[in-house]
Amino acid sequence: MARRPARGATPRRVQRSRGERRQERALLQRWRRGSEKTRSSTPLSPPLLYGVRHLQAARTALGRLASSLVHSVLTVAVVGIALALPAALWVALENIERVTGGWQEGAPQISLFLERDLSDGAVMNLAAQLRQRTEVAEVRVITPEEALAELQAETEMQQALALLDENPLPPVVVLTVAAQLEPTAVARLAEGLAGQAQVAQMRLDQEWVERLHALMTLVERALLAIALLLAVAVVLVVGNTIRLTVESRREEIEIIKLIGGSNGFVRRPFLYEGLVYGLLGGTGAWMLIEVGRWSLQTPVQQLAASYGTSHTLTGLGFENTVWLLLGAALFGLLGAWIAVARHIAAIEPA
Amino acid sequence: MIHFERVSKRYRGGRSGLHGLSLLIGEGELVFITGHSGAGKSTLLRLIPRLERLSGGRLMVAGVDIAQLPKRRVPLLRQRIGVTFQDHRLLRDRTVLDNVALPLVISGVPYRERLRRVRAALDKVGLLDKERAYPPTLSGGEQQRVGIARAVVNRPPVLLADEPTGNLDPQLSAEIMQLFASFQEVGTTVLIATHDHRLAATFGRRMVELRHGELAADYPAQEGI
């Protein structure tokens, strides 16, 4: 009797052992009315019961989505468009990288214009040295004579050239850089070579590719930021939708809790709703991208043809589609969770 | 079964509740809780499935101390207690069938079994032909019976009824009360809160009268009825 609180005092929670608590649950679970000694049906085993509960929740969620179809479709559309934006940008970037990657694979070339008074032997020496370097794939020497002959053959300046007393052209070494080299490494190599005494002038046919590359890195960063922002937007949109649904179903939630529905039981359909919003939104985004790709296919081919190449637009691909859907589902679930976690526990039957 | 030990309940804002009420209700008993409105009848009922927290004293239900019950166990308690409400508390956008099935959905009873038990409960309250109807299309008495079917569908050991005959005519009221009595016959402990002292008295069961949140009288059941 010692633990009975004084009249009017709020009963204090007494620390109880695990055994006691388990016994309490068993008491409630085994509690039957007098005439009923056994259950008329055997209860489902816990894992099966868990599965059944999730199926029920999923079905309830789908039912609710279907019952407010217009609203659901609008939410899915918003989620889909929000996801389609970064995904489409990503696809565009991939395609651009594929195109410029093709150009890069022709491997950057460095042309070294040497001092004019350099002897043939010295030129050959330098070429031999350069061949030793791992960054260099190929070295080609163009002697002044060869260059002059080429110039005479390709231009119509034979007469003008014939007037010259001596060959004005320098010896040239053309390096093809190893393909796996990063643009920054190429630039470093080129600068190093330009600094050498024998080299009068260096030309790197790489700079614009490098600039493009830098630009793409920038775009990639921006894309990441946009993707993050839009992911947050998806979470908020789904969260807000679910929060409104919770609010509009307040009475139902109270009644369910009144007759013994746990927070989990009430929460589950809402979480499934969020998941479905995310999944359908992700599917919508995928469809938008495919439609966009299909409608751009012909113009892109025409453009490529005008440059004398061919390019077919690639889509998301299987793996990235899976990631898109997974991410979308996750964002939807997260939004629902944020909306529901505290809200539902706070609704108490009155 | 249900043991109130000097239970008190104070509401915020000074609304009266219960003041040191002690009451013992045995298993399988049918007890009418009578008294004027504001006497604490509803409060007494609402404390049992912990729809309200008690402010003092101790309440034991089926050997469980209600005040000490952790929050996550409360749903389990409520699943074992059938309650009907004066305002019915039915889901307006669900059919009668779905409303009555709700407690079974909560405790994860499979569909086929659920349908069988819902029909049995609806049959018991005489509403089998209304299973596809929506609550707002039903009369007050019918809604009350849907509430009763929902309360008993899970075969709870305890059934609580808060003013079940609220605005019903005398004949209908008697029928409803008779229905509750029939649940007692199968071993359910039944508590009925009603302001209708005279109707309760005709049943000759135990009657507990409350006045200003305190026990005013406890009339035992009359033999032979």
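1. The model is predicted. Every point below should be read with that in mind.

2. Chain A, overall content. Chain A has 350 residues, and 24% of them are buried. Its secondary structure consists of 11 helices and 4 strands.

3. Chain A, contacts. Take the contacts in chain A with a separation of 6 or more: 84% of them join residues 24 or more positions apart.

4. Chain A, domains. Two domains are assigned in chain A. Domain 1 is written in two segments, 49-103 and 211-346. Domain 2 covers 109-205. The C-alpha centres of domain 1 and domain 2 of chain A are 55 Å apart.

5. Chain B, helix geometry. Helix α3 of chain B spans residues 96-106, and helix α4 of chain B spans residues 111-124. The two pack with their axes 9 Å apart, at an angle of about 120°. The pair α3(B) and α4(B) is therefore oblique. An angle of 65 to 115 degrees would count as roughly perpendicular, and one over 145 as roughly antiparallel. The crossing of α3(B) past α4(B) is right-handed.

6. Chain B, residues in the helix contact. From α3(B) come B:L97, B:V100, B:A101 and B:L104. They meet B:R114, B:R117, B:V118, B:A121 and B:L122 of α4(B). By class, this contact between α3(B) and α4(B) holds 7 nonpolar residues, 2 charged residues and no polar ones. B:R114 and B:R117 are the charged pair, because Arg counts as charged.

Technical notes. Residues are numbered from 1 along each chain as its sequence is written. Chains are lettered from A and ligands numbered from 1 in the order in which they are written. This is a predicted model: local features need pLDDT of at least 70, side-chain atom pairs count only at pLDDT 80 or more; totals for chains, interfaces and linings use all residues. Axes are lines fitted to C-alpha atoms, for helices over the stretch in contact, and angles run from 0 to 180 degrees between N-to-C directions. Angles under 35 degrees count as roughly parallel, over 145 as roughly antiparallel, 65 to 115 as roughly perpendicular and the rest as oblique. A crossing is left-handed if the near helix is turned anticlockwise from the far one by less than a right angle, and right-handed if clockwise. Two residues are in contact if their C-beta atoms, placed from the backbone, lie within 7 Å. Domain bounds come from an automatic or database domain assignment. A residue is buried if 20 or more other C-beta atoms lie within 10 Å of its own, exposed if 12 or fewer, and partly exposed in between; C-beta atoms are placed from the backbone.
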